[in-house]
Amino acid sequence: MPLNLTVSPDFAPDHISGWFYFNTYLQRKLGIPIHLELYDSFDKQRADIRAGKVDLIYANPYDASMLVRELGFKALMKPAHKADETVIAVSVSSAIDKVENIQPGSVIATTDDPDVHTMGMIMLESADLDADNITIKTLKNYVLVAKNLLKGEADAGFFLKQAYNELSELIRSEMKPLVSSQIDVIHHVLLAGPSFKEHESMLKTVLLDMQADEKGRGVLQNMGLVGWELMSEEDSEFMIDLIDTLID
């Protein structure tokens with residue numbers, strides 16, 4: 001039976017092929033069968049994780065807490081030079097020029113990406129806004145968040161900063177960012193489940209060597225990454241504690 005790899009559903013659609021290349025690359029380097037399963041829903045992915053159908057996952061920071069503390073996964077690697085930050089943006093034609101000018105009753109477009117939504121809501125607190133005095137419009141992806149802003153169907157939107165930067169130049173020219181988080185220590189994580197334990201050491205070596213390997217560099221480029229860094233247990237626990245604090 002192949003081991004199962006999955007990816008947090010918040011990755012950019014342009015990188016779908018990159019993850020399939022990555023899966024093939026891992027199979028060749030590790031010499032084991034690995035099946036890549038992609039999801040368009042966090043809820044469906046979490047259900048399969050809890051059902052034991054995932055062995056290796058590139059997870060968002062929010063889900064890392066569940067994976068490590070409830071399901072025995074171990075954080076192994078993090079993407080190099082790639083923190084997860086949240087951007088709040090509006091249409092370029094909007095009169096809103098700072099977060100404090102967003103009014104009660106506004107419609108906020110977001111996704112079901114939990115860490116981005118949580119950080120966005122925290123940044124709205126400076127305008128005395130919360131779930132009780134705004135309307136939350138949850139959409140399937142960041143492209144739809146942008147379209148809702150451009151069509152005037154939402155007053156502001158939450159974006160993963162990387163996703164915002166990867167929108168087309170045309171779409172970005174029709175929006176203006178109001179604020180971006182600057183936490184720096186929150187990022188996606190590659191975690192291995194108990195069934196992957198015997199392959200952990202080799203996996204770390206393969207990933208650390210990707211940047212020095214011509215084919216590896218090509219795979220990284222298609223994934224939107226520049227490389228990997230080891231993630232210590234201390235770093236993992238610190239990030240999870242921070243996420244839990246933000247949520248509380």
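Asp128 is exposed, with a relative accessible area of 63%, where exposed means over 50% relative accessible area, buried under 20% and partly exposed in between, computed with a 1.4 Å probe on protein chains only. Asp128 belongs to the loop that links helix H4 (114–124) to strand E7 (135–139), helices (H or I, at least four residues) and strands (E, at least two) being DSSP runs numbered from the N terminus. Although Asp128 is not a glycine, its phi is positive, at about 60°.

This is a predicted model, in which local features need pLDDT of at least 70 and side-chain atom pairs count only at pLDDT 80 or more, while totals for chains, interfaces and linings use all residues. Residues are numbered from 1 along each chain as its sequence is written, and side-chain values use heavy atoms, with hydrogens and water left out.

His81, in the loop between E4 and strand E5 (86–91), also has a positive phi in a residue other than glycine, near 55°. His81 is exposed, its relative accessible area being 72%.

Leu167, in the loop between helix H6 (161–165) and helix H7 (169–173), counts as buried at 7% relative accessibility. Apart from neighbours within four places in sequence, Leu167 is in contact (heavy atoms within 4.5 Å) with Val143, Ala146, Phe159, Arg172 and Met175. Of these, Val143 lies 24 residues away along the chain, and the C-alpha atoms of Leu167 and Val143 are separated by 7.3 Å.

Helix H10 can be followed from its length to its packing. H10 has 15 residues and reaches 21 Å from its first C-alpha to its last, close to the expected 21 Å, the expected span being 1.5 Å times one less than the number of residues. In H10, Ser236, Met239, Ile240 and Ile243 are buried; they cover an arc of only 95° around the axis, which puts them on the same side of H10, the arc being that of the directions from the helix axis to the C-beta atoms. On the other side of H10, Glu234 and Thr245 are exposed. The cover over the buried residues of H10 includes H3, strand E4 (74–79) and strand E10 (189–192).

The axes of helix H3 (residues 61–69) and helix H10 (residues 233–247) come within 9 Å and cross at roughly 115°, where axes are lines fitted to C-alpha atoms, for helices over the stretch in contact, and angles run from 0 to 180 degrees between N-to-C directions. Residues making this contact include Tyr62, Val68 and Arg69 of H3, with Met239, Asp241 and Ile247 among those of H10.
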